[in-house]
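Please read them with the structure open.

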Amino acid sequence: MDRMVIEGGHQLNGHVDVGGAKNSALKLLFASLLAEGKHTFHNVPNLADVGSAAVLLNSLGCETHRSGTTFTVNVKKPQSFEAHYDLVRKMRASILCLGPLLAKYGEAVVSLPGGCAIGTRPIDLHLEGMKALGATITLEEGYVKARAKKLKGANFLFETSTVGGTENVMMAATLAEGITVLENAAKEPEIVDLAEYLNKMGAKIKGHGTSVITIEGVEKLKPAEHTVMSDRIEAGTLLIAGAMTGGEVTVNRIHPAHIEALIVKLKEAGFKISQTDLSVTVHRQIGWRAVDITTNPYPLFPTDIQAQFMALMTIAEGTSVITETVFENRFMHVQELCRLGADITPKTRVAVVRGKPGGLIAAPVMATDLRASASLVLAGLVAKGATVVNRIYHLDRGYENLEGKLTQLGAKIKRIE
Ligand code: UD1
């Protein structure tokens, strides 16, 4: 298993390009199942999770091919409509093949993703949405079996804002008969990216990016071509890296609006931020205030940047209260940050971080999930000595060459097999 060794104390400076968004690319790849033929995606990040999506698509009879950041999916009618446990267990987002398979072929058998390190993460709302469109759903031997001769448009209200649920039901509704209205739909930019691709394929979707999405079902969709949006979580992580090390870092190829909630909090903490249409710069700042954050669905503060922001707060001046409202068990990085000398008291959904400027000291730590790993890498950048982050495969699931990008900015990082 790979480990990362980070020599703390090097200031990061310079420009860095953000790659394509994992959370958009995965859904776009699954959306291709809605139309046979060749789909072409650009700016697809080279990540373990994208590899897992490709394996799943291959198991459904699709041919996939990568050349640089361009990824093609040649969709053929599958022999079976089953997403096997071994594939879904590796990556929860695999559940996103349910809606497309059901809508296109009237049948889908997808393993239940099961629990997950950051919470129970049920898929009840995905299934309720499919049922509202007329699907029969049964749970057998750990698999969701969904059937429907022809889905029918309907009104569906999401009880909780769910990104995956909104995407799955939106994809299913593109081929349903009649009009579907999704209320309390999630508004994340990745949903907008997906809807834009579906519309290129011939779907009739309106309202994406708002809490009410209207989908007029069409008979058939066709393959298309699309450039994946930039990864706002990667952008946020790199900005925090610059901020923490007291350097000046510009992240390019990012829409500042996509990370507005983070920018607001960085400014509140005392950082000077400047931006253009497609870049954000955090300016050199020695010493910053502790600020409170509460995670919430977009456009509010993203749960996927909570761990990284906590790392920043461990060396702020003062005490910060971090509240996690999206997932029930997303403080696993706390224990590891404390191993580096941070002073954090976690309660169920709230963590109190008593900032200690200059107070982190290197230690061996363990990555527990994707964003938790990123927070440990950030802490390692400023801890005195060499921090060893174990189980770095979590990081490889969702960050493309993070150590390369940080090294380019001046970090001293080594990967050891
Ligand atoms: C997606 C992102 C993940 C991000 C999360 C929230 C991908 C691949 N992953 O995950 O990085 O952290 O959005 O922004 O895009 N819920 C239910 N029932 C459901 C579905 C969800 O109760 O049927 C709950 C979840 O347990 C969670 C909350 O809703 O508490 C939000 O989850 P959701 O938005 O669905 O997250 P994902 O789509 O899994």
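The points below cover the ligand site, a pocket, and several individual residues.

1. Basis. This is a predicted model, in which local features need pLDDT of at least 70 and side-chain atom pairs count only at pLDDT 80 or more, while totals for chains, interfaces and linings use all residues. Numbering runs from 1 along each chain as its sequence is written, and side-chain values use heavy atoms, with hydrogens and water left out.

2. Ligand shell. The ligand is surrounded by 20 residues, the closest being Lys27, Asp124, Thr162, Asp304 and Val326 (a residue is near a molecule if one of its heavy atoms lies within 4 Å of it). By class the shell has 7 nonpolar, 7 polar and 6 charged residues. Here Ala, Val, Leu, Ile, Met, Phe, Trp, Tyr, Cys and Pro count as nonpolar, Asp, Glu, Lys and Arg as charged, and the others, Gly among them, as polar.

3. The side chain of aspartate 124 has an N or O atom 2.7 Å from a ligand nitrogen. The protein buries 86% of the 740 Å² that the ligand exposes when taken alone (areas by the Shrake-Rupley method with a 1.4 Å probe). Elements giving two or more residues to the shell are α1 (22-31), α5 (124-132) and α6 (163-173), and α5 has the largest share, with 3 residues. Helices are DSSP runs of H or I of at least four residues and strands are runs of E of at least two, numbered from the N terminus.

4. Second largest pocket. The space in this pocket is about 310 Å³. Its lining consists of 20 residues, and Met244, Thr245, Trp288, Ile315 and Val382 are the closest to its centre. The lining has 9 nonpolar, 9 polar and 2 charged residues. A pocket is an open set of points on a 1 Å grid over the protein atoms alone, where a 1.4 Å probe fits, with protein on both sides within 12 Å along at least five of seven lines; lining residues have an atom within 4 Å of a point. The volume is the space filled by probe spheres set on the points, which are joined across faces, edges and corners.

5. Histidine 333. This residue sits in helix α11 (residues 332-339). Histidine 333 counts as buried because its relative accessibility is 2% (buried means under 20%, exposed over 50%, partly exposed in between, with a 1.4 Å probe and protein chains only). Its side chain makes a polar contact of 2.9 Å with that of glutamine 306; such a contact is a pair of N or O atoms within 3.5 Å, and within protein one must be able to donate a hydrogen and the other to accept it, with residues adjacent in sequence counted only if both atoms are side-chain atoms.

6. Backbone points to check. The peptide bond between tyrosine 298 and proline 299 is cis, with omega about 10°; proline 299 is in the loop between β18 (293-294) and α10 (306-313). Asparagine 184, not a glycine, has a positive phi of about 55° and lies in the loop between β11 (179-183) and α7 (189-200). Arginine 253 also has a positive phi, near 65°, and is in the loop between β15 (249-252) and α9 (260-269).
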